Amino acid sequence: MSSPYVFIKNVSKTQYSFLTNSGVIYRIAFSEIPDLFSEYPLFANNVYEFIIALDKYFKDFQPAFDNNIGITIAEIVNDFMVDRDKVIVYFCDVKDRKHKARNRKFTSWFTRFNDNFVNYTIQIKDFEVELTYYNTLIVKSENPYKVQIFEAFETIVNGFEDKYSLIMPLRKLSLMVDTNLKASFFFYKFIKNSIVSIPSAKSSNLGTCASPNLKLFEKRVFVETVHWIFSAFLANNCSKCASLS
Amino acid sequence: MKILEKVDKNDVQVRSVLFGRTMQKRLQKQIEKVQKDTSFDTLIAELRLKSNE
């Protein structure tokens with residue numbers, strides 16, 4: 001894949017810029033954000049916030065649909081992430097309430113142009129202001145700390161370790177079963193989404209947000225059941241993972 | 001924000017929402033910073049030159 005628009009970068013590869021056919025200039029920045037993972041010194045200094053902004057003269061401009069923008073941004077991310085240890089966090093801007101569209105677009109770019117990356121999006125529903133914050137983490141598939149990074153991200157965003165302790169071993173299990181992290185993490189997300197989408201959760205006014213107010217009993221029964229089935233599968237079918245069961 | 005200030009900050013959902021709001025405030029500042037950052041001007045001048053070639 002080659003970039004349809006020529007992009008220019010600074011020496012430290014933290015700033016990129018490109019010009020579209022319609023004359024709009026994009027500014028892309030990768031800003032260090034070590035304080036986010038300050039409790040995880042193993043990778044805290046490799047974390048960068050990914051910022052997409054229009055140039056100052058276009059800040060109130062509504063860019064027309066342009067398929068080349070996505071490909072160019074994907075190429076910029078590829079260029080920046082040459083180092084396998086780098087981690088990107090991306091927060092969808094909610095200022096103009098177009099955060100859902102941004103998330104959809106970003107997800108579609110990731111799906112179409114992803115070459116060697118794994119992503120993880122955590123949604124936070126803010127019912128007071130009727131907004132959903134989309135927080136996405138992107139790491140390279142060969143990042144040696146990817147599992148720890150995903151766990152740390154979830155801990156930081158949701159504090160799952162306090163009240164969702166049953167989910168943690170399930171995730172570890174799913175990650176260890178399959179050497180293909182992408183597939184196993186998809187499995188984990190599928191299971192987790194199933195948990196928060198059970199009828200009792202949907203009928204609550206909290207929607208599908210990961211909330212402590214969901215009926216923990218039902219969730220735990222579900223998680224334990226899945227865990228039991230999965231463990232049984234491992235014991236019977238996967239000798240190298242048998243110790244897990 | 002008023003409601004959140006009254007509730008338990010140890011609550012998982014409250015912590016998540018506070019995280020979301022904090023990151024949004026940070027993002028707004030970062031976008032403004034990037035748009036005002038004069039070090040981009042050099043890049044953009046170079047970009048314009050290249051596009052005119």
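Tyr134(A) counts as buried, since its relative accessibility is 8% and the cut-off for buried is under 20%. What you have on screen is a predicted model, so take every number here as computed from those coordinates.

Where does Tyr134(A) sit? Its place is strand β7 of chain A. Leaving out residues up to four places away in sequence, Tyr134(A) touches Tyr90(A), Phe91(A), Cys92(A), His99(A), Lys100(A), Asn103(A), Thr121(A), Ile122(A) and Gln123(A). There's also a C-alpha pair to look at: Tyr134(A) and Asp93(A) are 41 residues apart along the chain, and their C-alpha atoms are separated by 8.5 Å.

**The β6–β7 hairpin**

Strand β7 of chain A (residues 131–140) runs antiparallel to β6(A), and ten bridges join the two. If you want one pairing to check by eye, take Asn119(A), whose bridge partner in β7(A) is Ile138(A). Four residues lie between the strands of this hairpin, and Glu130(A) takes a positive phi near 55 degrees there. As for β6(A), seven of its ten residues are buried, so the strand is largely enclosed by the rest of the structure.

Nonpolar side chains in soluble globular proteins tend to be buried together. In this model, the largest nonpolar core has 68 residues, and the members touching the most others are Phe30(A), Phe37(A), Phe50(A) and Val89(A). Helix α1 of chain A (residues 67–80) is the element that gives the most to this core, with seven residues.

Phe30(A) is a handy one to zoom in on. Setting aside its neighbours within four places in sequence, Phe30(A) has contacts that include the aromatic residues Tyr16(A), Tyr48(A), Phe50(A) and Phe80(A). Also in contact with Phe30(A) are Ile76(A), Val77(A) and Ile88(A), as well as Lys13(A), Thr14(A) and Glu49(A).

**Chain B and the interface**

Of its 53 residues, 40% count as buried. Chain B exposes about 3,500 Å², with carbon and sulfur atoms supplying 55% of that area.

The size of an interface is often given as the accessible area lost when the parts come together. For chain A and chain B that area is about 3,600 Å², 59% of it on carbon and sulfur atoms. On the chain A side, Ile8(A), Arg27(A) and Glu128(A) lose the most area to chain B, and together they make up 19% of what that side buries.

With a relative accessibility of 7%, Gln24(B) counts as buried. Not counting residues up to four places away in sequence, Gln24(B) touches Phe91(A), Cys92(A), Asp93(A), Val94(A) and Tyr133(A). Two of these names, Phe91(A) and Cys92(A), also turn up among the contacts of Tyr134(A).

**Salt bridges**

Over all chains the structure holds nine salt bridges, and four of them are found across the interface of chain A and chain B. The table lists some of those that cross.

| Residue in chain B | Residue in chain A | N to O distance |
|---|---|---|
| Asp41(B) | Arg27(A) | 3.2 Å |
| Arg26(B) | Glu49(A) | 2.7 Å |
| Arg21(B) | Asp126(A) | 2.5 Å |

Asp41(B) forms its salt bridge with Arg27(A). That pair goes from helix α3 (residues 39–52) of chain B to strand β3 (residues 25–32) of chain A. Are the two partners buried or exposed? Asp41(B) counts as partly exposed because its relative accessibility is 31%, whereas Arg27(A), at 0%, counts as buried.

Arg26(B) meets Glu49(A) in a salt bridge. This one crosses from helix α2 (residues 12–36) of chain B to strand β4 (residues 47–54) of chain A. Glu49(A) has a relative accessible area of 0%, so it is buried.

Arg21(B) pairs with Asp126(A), reaching from helix α2 of chain B to strand β6 (residues 117–126) of chain A. Both Arg21(B) and Asp126(A) are buried. Elsewhere, Lys9(A), Lys13(A) and Asp79(A) are joined into one network by salt bridges that share partners.

How values were computed. Residues numbered from 1 in each chain as written. Chains lettered and ligands numbered in written order. Predicted model: local features only at pLDDT ≥ 70, side-chain atom pairs only at ≥ 80, totals over all residues. Heavy atoms only, no water. Salt bridge = Lys/Arg side-chain N within 4 Å of Asp/Glu carboxyl O. Buried < 20%, exposed > 50% of the residue type's maximum accessible area, 1.4 Å probe, protein only. Core = buried A, V, L, I, M, F, W, Y, C linked by side-chain atoms within 4.5 Å. Contact = heavy atoms within 4.5 Å. Pairing = 2+ DSSP bridges. Areas by Shrake-Rupley, 256 points an atom, 1.4 Å probe, with all protein chains shown as cover. Buried area = accessible area lost by both parts, 1.4 Å probe.
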